[in-house]
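Hello,

Here is the structure you are taking over. My notes on its packing follow below.

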Amino acid sequence: MRLGTTSEFFAIDGKRIVSPQSCKVTIESLADSNSGRTDDGVMHINWIWREIRKVTLTFPPLTTEEESSLLSMVQGKEYDFTYPDPVDGAERTIHCYTSNHSADLKSGVLYGGLWMGVSFSAIEMEGVR
């Protein structure tokens, strides 16, 4: 049995996934250890990466089958993740990994148990230089 609807915006390795309940995109930058302010107060930044994306998805209640299928695609793996990017204003695909996830099993009666608050982050492996 399926509870979630298939997304037209999110995919893992080209396969569309269950529509998330929420999507949070965080973009960070990384400077090398020689970056910082000099004694005259001027900031010097030696960028390693200017944009590294971390996309955190949280899902609506999922069946065990949906939860297992989704998390087995990402947990401890490298994959291509497609999502709507707020900076580009368009669909973007990044090569990323997931190092952890969370899920909370509720209601052993309905549908053999529902997984609530299933979430994971797709962390970009190589950002924009």
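**Aromatic residues and the core**

Phe59 and Phe120 are both buried. Please keep in mind that this is a predicted model.

The structure contains three aromatic pairs. In one of them, the ring centres of Phe10 and Phe81 are 6.3 Å apart and the planes are at 35 degrees, so the pair counts as tilted. This pair links distant parts of the chain, with Phe10 in strand β1 and Phe81 in strand β8, 71 residues apart. Phe10 is buried, at a relative accessible area of 7%, and Phe81 is buried at 0%.

Phe59 and Phe120 also form an aromatic pair, which is stacked, with 5.9 Å from centre to centre and 20 degrees between the planes. Phe59 sits in the loop between β6 and β7 and Phe120 in strand β11, so the pair ties together parts 61 residues apart in sequence. Phe10 and Phe81 belong with Tyr83 to one aromatic cluster.

The largest nonpolar core has 21 residues, and those with the most contacts inside it are Ile12, Phe59, Phe81 and Phe120. Elements that each supply at least two residues of this core include β1, β8, β11 and helix α1 (64-74). Beyond its neighbours within four places in sequence, Phe81 has contacts that include Phe10, Ile12, Val55, Leu57, Ile94 and Ala122.

On the surface, Met43, Ile45 and Trp47 form a nonpolar patch with about 270 Å² of accessible area together. Trp47 is in strand β6. With a relative accessible area of 36%, Trp47 is partly exposed.

Regards

Terms used
Residues are numbered from 1 along each chain as its sequence is written. This is a predicted model: local features need pLDDT of at least 70, side-chain atom pairs count only at pLDDT 80 or more; totals for chains, interfaces and linings use all residues. Side-chain values use heavy atoms; hydrogens and water are left out. A nonpolar core is a set of buried Ala, Val, Leu, Ile, Met, Phe, Trp, Tyr and Cys residues joined through side-chain atoms within 4.5 Å. Buried means under 20% relative accessible area, exposed over 50%, partly exposed in between (1.4 Å probe, protein chains only). Helices (H or I, at least four residues) and strands (E, at least two) are DSSP runs, numbered from the N terminus. Contact means heavy atoms within 4.5 Å. Patches are made of residues with over 30% relative accessible area and no salt bridge: like charges are joined within 9 Å, nonpolar side chains (Val, Leu, Ile, Met, Phe, Trp, Tyr) within 5 Å. Accessible areas come from the Shrake-Rupley method with a 1.4 Å probe; for residues, only the protein chains shown count as cover. A salt bridge is a side-chain nitrogen of Lys or Arg within 4 Å of a carboxyl oxygen of Asp or Glu. Rings of Phe, Tyr and Trp (its six-membered ring) pair if their centres lie within 6.5 Å; planes under 30 degrees apart count as stacked, over 60 as edge-to-face and the rest as tilted.
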